[in-house]
Amino acid sequence: MFAKFIYLEWKSFTRSASFASSVALKILMGLLVLYFTVLFLAMGVGAFYILKKMQLDPLMTVNKFLIYYFVLDLIVRLMLQAIPVMNIRPLLTMTFKRPTIVHFSLGKTALSFFNVTHAFFFLPFSIVLLYEGYDPLSVILWSTSMFALVYCNNFLNILLNNKDNLLAVFIAIALILAGCQYYKLFDITNYALPFFEALFHTKWVFIFPVLVLAGLYYWTFNYLKGDLYLDAGLTIKKDIAKTENLTWLNQFGTLGTFLKNDIKLIKRNKRSKTTVGASILFLFYGLIFFNNPTQPEVMHIFAGIFVSGGFLFTFGQFVPSWDSSYYQLMMTQNIPYRGYLNSKWWLVVIATVISTILASFYLYFGWKIYLTIVAGAIYNIGVNSHLVLLGGAFTKTPIDLSMSKGAFGDKKSFNVNTMLLTLPKLFLPVLLYWLGSYLMNPKLGLAFVALAGVLGFMFRNVVFSMIEKIYKKEKYKTIEAYKQKA
Amino acid sequence: MIQVNNLTKKYNDTAVLNIESLEIPKGQSLGLVGNNGAGKTTFFSLLLDLIQPSTGNILNNGIQVNTSEDWKPFTASFLDESFLIGYLTPEEYFYFIGDLRGQNKADVDVLLAQHEEFFNGEILKNKKYLRDLSKGNQKKVGIIATLIGNPEVIILDEPFANLDPTTVNRLKKIIKELADNPNVTVLVSSHDLQHTVEVCDRIVALNKGELVKDMLTSKETLQELELFFAV
């Protein structure tokens, strides 16, 4: 029986979209994976020596903060780790016994990325402990307990996944605990530390996490087994819909029609919500660069572009893929391409303006910094907004709106054309800024960047006609691509 | 209204559609029948400029569809769920299409009221997004949306599939009414010979991309078709 399951899993793994990419991309991905593996290993190994250098007892310090480690882990899981129940639907009516199906799905979660990553920290750390002459048996018992706790979180996540608001509760607990600790009101680590220390020093304490894990497995097993019905655990959650007319947008004519639709698109889909959430993070990108003497000044404009361009880069780069699931409708309706592109352009521009206003907190760093951001915003509106739409003509990855995955970049949407387009998007302003600073002073540099934006804006109509032509040329290929899995 | 000239569509040298000539006069209702892979959807996709012809062309009211977009204002179509916007409620979807076709909210509401029976109380004000509706109900939304804005050409791919018997009868009534309107040209494809014969003035049968039968509907049509598709 299990062999059949493993066969299915293997097929789903090797035939997943990320494997269907080109060889060059596979090599690139391989290198990335290798890079991160080395990075994590270095962290696991390095943690011991860094803590030691800071005159702290490495093991005790780690034990002290493990409580936060596991709470954060649970929060991250609740946010991101999906429980793999959906793909058991077709198996229900086949000659598999229900317990077998449940055991298998639970076993599958054990191999999840969210569990494996912990090994990258705990394994090297344990090995360093052994190397440094800590008692081998204690180290083994301690790391066993750690993995038991990691898996406790894994099953807790399954049990808690369908409960609403729990995430908020956990985040609140974590924040309150951290706050109390920071203001020295109450220190949870003082209570957690003896337990984690005991896992190492007392030989039998490791029994607790292992027993808890066994109990949780049993509980999860029964929970899932009883829930293995299409109308129970296997339902797809349906939202209660509310009709919104957004009539105030009617005054903008066709543009308003599309904007209405785009606002609903963003509000009602997981993927777009995550994307917009990510774009807010861009607002804080400047904090790395401004008032940071280790960064060359010419990079300020780089930050300026990013601060206001979060939405442009995260949302804009997937136009028109956002409409991929109903692209055929768009192509047969009474819509001129230009109107469609125009509405997307306005959406990006409005978001850029809002970001620029929100970024006014950078005024705290001085007028010059904020001017950099404004210049970046002008460049974004005048030049980058067009480039992003142009890149969209070559982006042929359908977007599954209901998935939050891939919001931080899609491997398949990498292609030579979009890569080349990032050059003018990011490096041209840096070059202009450098040129101005070199000729006179940074102010001229900013003026150059802003001027490029204004010029782009002035030639908007010409540029739009060009982009429209390219979209028309790519139309059939795009429809074809979106049909693959829309 | 619609004129097809030497139209072929090939994928890697395999011809999936080959229609030398077909003319559909204004006001006619045409039923397209054929087995899976006969080329029905391919023909509609070509007619809507969703795929490119290998040779030949289609004129819709004198406008060549793959060179000009001017056929869009008077042509409405529903091929499959990819014509629906999943995150909208049915009402929002209707108003969206209405906006695109120059109909205001009141116009759309009048049309929806006419088809309340067809919706059977399962569509409007149900607090559901289109993506959460059943296949049949999604189809109802898609079909009625094609009627918004009094289009002159209406294209429906497999409209009878996935619908319950009552709704099929109501849909037949709607299509018949459209067929009786001398300004509206209707194109319907189906696997179901009987339904098609009942609502269409003319039946065209496709087989492996070739036009094999073309007849005006009469008493004997159904029999003839059944004989043709008999095993």
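Biologist: Where in chain B does UniProt place the feature "domain: ABC transporter"?

Modeller: The unreviewed UniProt entry places that feature at residues 2–229 of chain B; such annotations may be inferred rather than shown by experiment. This is a predicted model, in which local features need pLDDT of at least 70 and side-chain atom pairs count only at pLDDT 80 or more. Residues are numbered from 1 along each chain as its sequence is written, and chains are lettered from A.

Biologist: What makes helix α1 of chain B mostly covered?

Modeller: Buried means under 20% relative accessible area (1.4 Å probe, protein chains only). Seven of the eight residues of α1(B), which spans residues 40–47, are buried, among them Phe43(B), Phe44(B) and Leu46(B). Helices here are DSSP runs (H or I, at least four residues).

Biologist: Why is α17(A) called roughly parallel to α20(A)?

Modeller: The axes of α17(A), residues 367–392, and α20(A), residues 460–484, cross at roughly 10° and come within 9 Å. Angles under 35 degrees count as roughly parallel, and therefore α17(A) is roughly parallel to α20(A). The axes are lines fitted to C-alpha atoms over the stretch in contact, with angles from 0 to 180 degrees between N-to-C directions.

Biologist: Which residues of α17(A) meet α20(A)?

Modeller: His386(A), Leu389(A), Leu390(A) and Gly392(A) do so, where contact means heavy atoms within 4.5 Å.

Notes. Heavy atoms only, no water. Buried < 20%, exposed > 50% of the residue type's maximum accessible area, 1.4 Å probe, protein only. Helix = DSSP H or I, 4+ residues; strand = E, 2+ residues; numbered from the N terminus. Parallel < 35°, antiparallel > 145°, perpendicular 65-115°, else oblique.
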